[in-house]
Amino acid sequence: MTKDGILLFAHGARDPAWAQPFEATERALRARAQALGADVALAFLEFMSATLLDAGAQLAAQGCTQ
């Protein structure tokens, strides 16, 4: 059995407020994805958490295989 994971990947910035639109997108997508049995994680290239590896590991820990 497979489980989908959606990984959102943004550049990142030093100003925490910069991430707000991406966090809002993550919340909105998560609400829709859960109805389909998928999980969502948000990652940043630099300056912010989570990293791409951390977000991928989070999805894998939640049982995502795709």
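Predicted model: local features only at pLDDT ≥ 70, side-chain atom pairs only at ≥ 80, totals over all residues.
Buried means under 20% relative accessible area, exposed means over 50%, and partly exposed lies in between (1.4 Å probe, protein chains only). Helices (H or I, at least four residues) and strands (E, at least two) are DSSP runs, numbered from the N terminus.

Residues are numbered from 1 along each chain as its sequence is written, and side-chain values use heavy atoms, with hydrogens and water left out. Local features need pLDDT of at least 70, side-chain atom pairs count only at pLDDT 80 or more, and totals for chains, interfaces and linings use all residues.

- Strand E1 (residues 5–10) and strand E2 (residues 39–44) run parallel, joined by 6 bridges. Two strands pair if DSSP finds at least two bridges between them.
- Opposite Gly5 stands Asp39 in E2. Opposite Phe9 stands Ala43, also in E2.
- Asp39, Ala41 and Ala43 point one way from E2. Val40, Leu42 and Phe44 point the other way, and all are buried.

**Nonpolar cores**

- A nonpolar core is a set of buried Ala, Val, Leu, Ile, Met, Phe, Trp, Tyr and Cys residues joined through side-chain atoms within 4.5 Å.
- The largest one has 9 residues: Leu8, Ala10, Ala19, Ala33, Ala38, Val40, Leu42, Phe44 and Met48. E1 and E2 each supply at least two residues of this core. Its largest share, 3 residues, comes from E2.
- Another core, of 6 residues, lies apart from it; Ala43, Ala50, Ala55 and Cys64 are among them.
- Ala19 touches Phe44 and Met48, not counting residues up to four places away in sequence. Contact here means heavy atoms within 4.5 Å.
- In soluble globular proteins, nonpolar side chains tend to be buried together.

**Helix H1 and its ends**

- H1 has 16 residues. From first C-alpha to last, H1 reaches 24 Å, close to the 22 Å expected at 1.5 Å a residue. The expected span is 1.5 Å times one less than the number of residues.
- Glu26 lies in H1. Glu26 counts as buried because its relative accessible area is 14%. Not counting residues up to four places away in sequence, Glu26 touches Leu8, Val40, Ala41 and Leu42.
- Gly37 follows H1 and has a positive phi, near 80°.
- Pro16 sits in the loop between E1 and H1. Pro16 counts as exposed, at 62% relative accessibility.
- Pro16 and Ala35 are 19 residues apart in sequence; C-alpha to C-alpha, they are 30 Å apart in space.

**Aromatic rings**

- There are 2 aromatic pairs in the structure. Rings of Phe, Tyr and Trp (its six-membered ring) pair if their centres lie within 6.5 Å; planes under 30 degrees apart count as stacked, over 60 as edge-to-face and the rest as tilted.
- Trp18 and Phe22 form a tilted pair, because their ring planes meet at 35°, with centres 4.7 Å apart.
- Trp18 is partly exposed, at 31% relative accessibility. Phe22 is partly exposed, at 31% relative accessibility.
- Ring pairs link Trp18, Phe22 and Phe44 into a cluster.
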